[in-house]
Each structure stands twice: as structure tokens, then as C-alpha cells.
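Subject: Structure for you to look through

Hello,

Please find the structure below, with the sequence alongside. My notes on what was found in it follow.

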Amino acid sequence: MRVTNWQSGGEARRVTGLLIFLIFSFKFLLFVPQVYYYNAHSPLPLPWWFVLLKLALGTYSWAVLTPLIIWVSRRRPIERQCLTPNLLLHLCLSFIFAAAQTFIYHSALALFTPGGFASSAREVPRLDGPWSFIFNGVVAYVTILAVHQAVLLYRRVNEREFRLQQAQLRLLQTQLHPHFLFNSLNTIASLIYRSPAEAERTVISLSELLRANLYEMDRQETTLGEELEFTGRYLQIMDARFPGHFVVETEVEPGARDACVPTMLLQPLVENAIRHGLLPSEGRGRVEISARREGRLLRVCVSDDGRGAEPNGGQPGGIGLANMRARLQYLYGPDHRFEFRSAPDFGTTVDIRFPFRVAASRKGSVAKFDLRPGRS
């Protein structure tokens, strides 16, 4: 863990250093025309190499001091609870850094000036006195400080929003668990007196299902193969309660089984299809599960040939569908599509599309599952 943190910290420092260099390089290029005009119209123009040297030293000396300013800014942020002392501290530091930049500038310039440091100290810009030079340094310090504080505020807002979304996702997931567990326990209760052996097998299936559920709920995403296995266990329980009442058919592309999908994606949709589409209907019904890649998207469909229903039209499954929409919105934002199509006596179809992504640790894995009843 320490190695990982050190590596990530080193990478962040390199990126920050490169960004600082690029910003001050842009500033250097931006001021070249101004310096050119000023020197060309000066009664005592300086050699061009010397003018550009002075501009470069004045610009990049602040680039050298910027990481230290950022370090101070991070430890003494401008926040409400410590606003006054930190403002006073930064005001004092602005003069110190301005003086330090002036010293660095003239020390470096002395290397190219015949008279050394004393001579270079007289080479301040002709329109600026020494105090004006310090004032410009104070302005530079305040500008760097303000930009960094704005970046810190942006990061804090994003982190706070991310944590809020994570909390809301966990809340939505916990709303699904009691609903599923309640129905599973009802299934077992109905089998205890009718078929004790079948009830025992169902309890074992439920324990395996809950064990998998326990380890998966800490993750927002799992693989499609694991989700199919999870749903297959649920279908075994439902088939024990309603033997021969429905059949499940799957059509999943082999390359799609290692794709990342939201945890608990299929089971609530299959549960809605069975309980609210097939069970109220007479005869043998069918649930179809399909998944395939379409360009950069993964398309997952769950459909049934039951009685059909209107979206969120008072059906118990409406809460589950609303939770599913919210989870997809939090995970994928505008990159996902959720379609609900239903018509009386023609069944219901839920069509979901979201970015196709294969987790590196899952590549090449083989998902073992058995969707019963039906074919897989």
C-alpha cells in the first residue's frame, strides 16, 4: 500500500510540475510581444537576447517558487473557520515570496551581467521602482494562491458530491435486499409442509445466494457472468415454488459474460417479470434474457410474454424499476439508456444499454451458471 501511494503521489507531482511549466511558458510567450514593443520604443534599447533572458528569469523564477506556494496553500487554506489568521499569514508570506523571487531573479541575472549582483540589481525594469517590483511579486503570489484555493474548493465539492452519490447508491441497494429476502422466505415457508426435502434444497440455494450477495454488495459493479449465476439461484428457488409455470431462455454473447454490469441488475428485473407478468397469467410463460455488445455499449434485455403492465403503474415492481433507473443514472449518467415497453397481453420488455467495459482482473474468466428452468 505504501508503494502504491508513493507511486501515485510521485505521478501527481510530475503532472503538477509539468502543468506549472506549461502555464508559465504560456505566460512567457504571452508577454514576448509586450516586451518587444517596450524595448523597441525605449530610448536605450537592450540587446534582444538580454531582454528575453530577463523575461524568462522573471517568469520561471515564479515557476520555481510555485510548488512551495502550493504546499503552504494546502496546509493553510482560506476557510471560514480559520479565515483571519490564514489571511494574515498569506499576506506576510506574499512579501517574503516577493522578496525571494526578486533575489532569485537578480542572482540569476548576475551570472550574465558583467558587474555581478550589484550591477544586475540596477537592471530593474525602467518603468518600475524596487517597491513596485515587490508589489508585482505580491500580486503574483496572491494570484497563484487564489488559483490553487479554487482548485482545492473544486476538488472538495466533487469529493463531497461523490460521497453523497455513494451513500445514495448504498441506500438504493439496501432497499432491494429486504424485498428479495422477504419473497425468498415466503417461498421456503410455502415448501416446509408441502415438500420438506424441497424446502431443504431451497434453503441451501438461498444460503448460497445470500453468501454471494454478502460479498458482492460492497462492489457497485460485477460481471455479467456472476450476475447470471446470481439470477440462476433465484430462479431455482422460484421454480421450486411454481414448478412448470415458466421457462427461462437466455441468449448471451460469449464475449459479453466478462463485461462489467451493476450489481443486482438482472435479478430484480427477472423477479418483476415472473411475479407481475407471468404468475398472474394462466398457462406456461416465458422469460427471455439477452445480452450482447453493440459497439461501445452493452445491451441487456429482459422480456416476458405475460399480461403486460404500464411503467410504474401501481405495480409493486415500480419501486424496483425506479431504483434501477437511479442506480444507472448515478453509475453512468447520460451514457446509459433505460427503456420500458409494455402492452396488455403482449408482455413487458426492459431494454438497458450502458458502456461496455471488461475488468482487467476478469478477462478470460469463465462464468459458470445454470438458469433454471429453461436453456442457457
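The structure holds 12 salt bridges, a salt bridge being a side-chain nitrogen of Lys or Arg within 4 Å of a carboxyl oxygen of Asp or Glu. As background, side chains of opposite charge can pair when their charged atoms come close.

Before the details, two notes on the source. This is a predicted model, in which local features need pLDDT of at least 70 and side-chain atom pairs count only at pLDDT 80 or more, while totals for chains, interfaces and linings use all residues. Residues are numbered from 1 along each chain as its sequence is written, and side-chain values use heavy atoms, with hydrogens and water left out.

Salt bridges

One of the salt bridges joins arginine 357 to glutamate 221, with 2.1 Å between the closest N and O atoms. Arginine 357 sits in the loop between strand 7 (347-355) and strand 8 (374-375), and glutamate 221 is in strand 1 (residues 221-223), so the pair ties together parts that are 136 residues apart in sequence. Helices (H or I, at least four residues) and strands (E, at least two) are DSSP runs, numbered from the N terminus. Arginine 357 is partly exposed, at a relative accessible area of 39%. Here buried means under 20% relative accessible area, exposed means over 50%, and partly exposed is in between (1.4 Å probe, protein chains only).

Arginine 341 takes part in two of the pairs described here. Its side chain meets that of glutamate 339 in a salt bridge of 2.8 Å, N to O. Glutamate 339 is partly exposed at 32% relative accessibility, and arginine 341 is partly exposed too, at 39%. Arginine 341 also forms a salt bridge with aspartate 351, where the closest N and O atoms are 3.8 Å apart. This second pair links distant parts of the chain, since arginine 341 is in strand 6 (residues 337-343) and aspartate 351 in strand 7, 10 residues apart. Aspartate 351 counts as buried, at 1% relative accessibility. Salt bridges that share partners join Arg292, Glu294, Arg299, Glu339, Arg341, Asp351 and Arg353 into one network.

The chain as a whole

The chain has nine helices and eight strands. Of its 376 residues, 41% are buried. Among contacts (heavy atoms within 4.5 Å) with a separation of 6 or more, 75% are between residues 24 or more positions apart. The chain exposes about 21500 Å², and carbon and sulfur atoms supply 63% of that area. Accessible areas come from the Shrake-Rupley method with a 1.4 Å probe; for residues, only the protein chains shown count as cover.

Helices

How far should helix 2 span? At 1.5 Å a residue, its 28 residues (48-75) should span 40 Å, and the end C-alpha atoms are 41 Å apart, which agrees. The expected span is 1.5 Å times one less than the number of residues. Helix 2 bends by about 35° at leucine 65, and proline 67 follows within four residues. The bend is the angle between axes fitted to the seven residues ending at a residue and the seven starting there.

For helix 7 (residues 224-241), the 18 residues should span 26 Å, and the end C-alpha atoms are 26 Å apart, in agreement. Helix 7 is mostly covered, with 13 of its 18 residues buried.

A surface patch

Tyr36, Tyr37, Trp48 and Leu52 make a nonpolar surface patch of about 440 Å². Helix 1 (2-40) and helix 2 are the elements that give two or more residues to the patch. Patches are made of residues with over 30% relative accessible area and no salt bridge; like charges are joined within 9 Å, and nonpolar side chains (Val, Leu, Ile, Met, Phe, Trp, Tyr) within 5 Å. Tyrosine 37 belongs to helix 1 and counts as exposed, at 54% relative accessibility.

Alanine 273, in helix 8 (residues 266-278), is buried with a relative accessible area of 5%. Not counting residues up to four places away in sequence, alanine 273 touches Leu278, Val287 and Asp304.

Leucine 298, in strand 5 (residues 297-304), is buried at 0% relative accessibility. Beyond its neighbours within four places in sequence, its contacts include Ala256, Cys260, Ile352 and Phe354. The C-alpha atoms of leucine 298 and proline 355 are separated by 5.9 Å, although the two are 57 residues apart along the chain.

Regards
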